[in-house]
Amino acid sequence: MLDILNITAPIFIIIALGYLSVRTRIIDPSHAKGMGTLVLYIALPALMFNAISEMPFQEVISPSYLLIYAIGSVLAFVIGIIVTKGFWRQDNVSAALNSTALAYSNSAFIGFAVLSAVIGSTKAATYLSMVVLIESFIMLPMLFIMADMSTDSGQSLGQLLLRIIKNLSRNPLIIAIIISVSFSIFNIPVPKIAAQTAHMLSGVAAPVALFVIGMSLSGLELKGDLPKITTIGLGKLIVHPLMMLVAIMLIPSASIESKYVAMLFASAPTFSTIAIIAQHYGLVDRVSAIVIISTVGSFFSMSAVLMYWEMMVGF
């Protein structure tokens, strides 16, 4: 148990420090955007390039892991639709946001930080790159198609897909993956200056990302239908890992490590930027509350997965 606390406690202490730094006005909350941009546009892409560019391509992409994470996430999304539409009788926009909250983890900030503490940042970055592909090319399009096709946006399916493709083409993590994989496939040597620069920037990614999560939580509030909000917020930490377990049973050929990594990413909280997306649909208060609940609860869900991992096969 102490070994698990040594991994998870520092992660959530940094998140708490970010939260307290804003609440006590040590740091202006407006700085969170700049710090988040540093992580998303510079540090994480550098980390991915550092991890992937000099790695043999067959070690970069694991088809079985991609399938497991895709199937588990899509199953969680479907359950969200069933709960929201079938039981709560809510509209398609609510169903899209609730389903995405159940199936889309904060992989880049919290999931990566915890996994790095277990298997190291280099291996963690390769798994993160595969998760980003699933989230960007499957989960986000499912969210936008379901939400926007049911509103009065006036967009056809073709226009909507074109907008999604344009957004993906500007995603810094997708760009970093494409460049890094190109170096890996064609065995392009990385100049020492570039490699050292990427290595130095890589060290910034995890701690600053966690601090930014804490800062962003300070601006969110618990508002709305709390029973339903709690169901989604805590359900993310239960449903997504369980569906990942179902996917693992369907694809037993995956490596032991990749199975536990998929479970760990799935046990991470809902990605925080969903609150920004929800603002576009007028549901920011409800979704912000989901983010708060799942982030607080993820200390226990991620600790539980780590305990199971250590008990079964060790780190």
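Ala, Val, Leu, Ile, Met, Phe, Trp, Tyr, Cys and Pro count as nonpolar, Asp, Glu, Lys and Arg as charged, and the others, Gly among them, as polar. The exercises concern a predicted model, in which local features need pLDDT of at least 70 and side-chain atom pairs count only at pLDDT 80 or more, while totals for chains, interfaces and linings use all residues. Residues are numbered from 1 along each chain as its sequence is written, and side-chain values use heavy atoms, with hydrogens and water left out.

**Exercise 1. The largest pocket**

Describe the volume and the lining of the largest pocket.

Solution. 

Step 1. On a 1 Å grid over the protein atoms alone, a pocket is an open set of points where a 1.4 Å probe fits, with protein on both sides within 12 Å along at least five of seven lines; lining residues have an atom within 4 Å of a point. Grid points are joined across faces, edges and corners, and the volume is the space filled by probe spheres set on the points. The largest pocket holds about 1500 Å³ of space.

Step 2. The lining comprises 46 residues, of which Leu40, Phe271, Ser272, Thr273 and Ile276 are the closest to the centre.

Step 3. By class, 25 of the lining residues are nonpolar, 16 are polar and five are charged.

Step 4. Helices are DSSP runs (H or I, at least four residues), numbered from the N terminus. Among those that supply at least two lining residues each are helix 2 (31–52), helix 10 (192–217) and helix 14 (284–312). Helix 7 gives the most, with seven residues.

**Exercise 2. The salt bridges**

State how many salt bridges the structure holds, and characterise each pair.

Solution. 

Step 1. A salt bridge is a side-chain nitrogen of Lys or Arg within 4 Å of a carboxyl oxygen of Asp or Glu. The structure holds three.

Step 2. Glu257 and Lys123 meet at 2.7 Å, N to O. Glu257 lies in helix 12 (residues 256–266) and Lys123 in helix 7, so this pair ties together parts 134 residues apart in sequence. Glu257 is partly exposed at 24% relative accessible area, as is Lys123 at 38%.

Step 3. Asp148 and Arg163 meet at 2.4 Å, N to O. The pair links helix 7, which holds Asp148, with helix 8, which holds Arg163, the two residues being 15 apart. Asp148 is buried at 5% relative accessibility, whereas Arg163 is partly exposed at 30%.

Step 4. Lys228 pairs with Asp225, the closest N and O atoms being 3.2 Å apart. Lys228 is partly exposed at 26%, and Asp225 is partly exposed at 36%.

Technical notes: Buried < 20%, exposed > 50% of the residue type's maximum accessible area, 1.4 Å probe, protein only.
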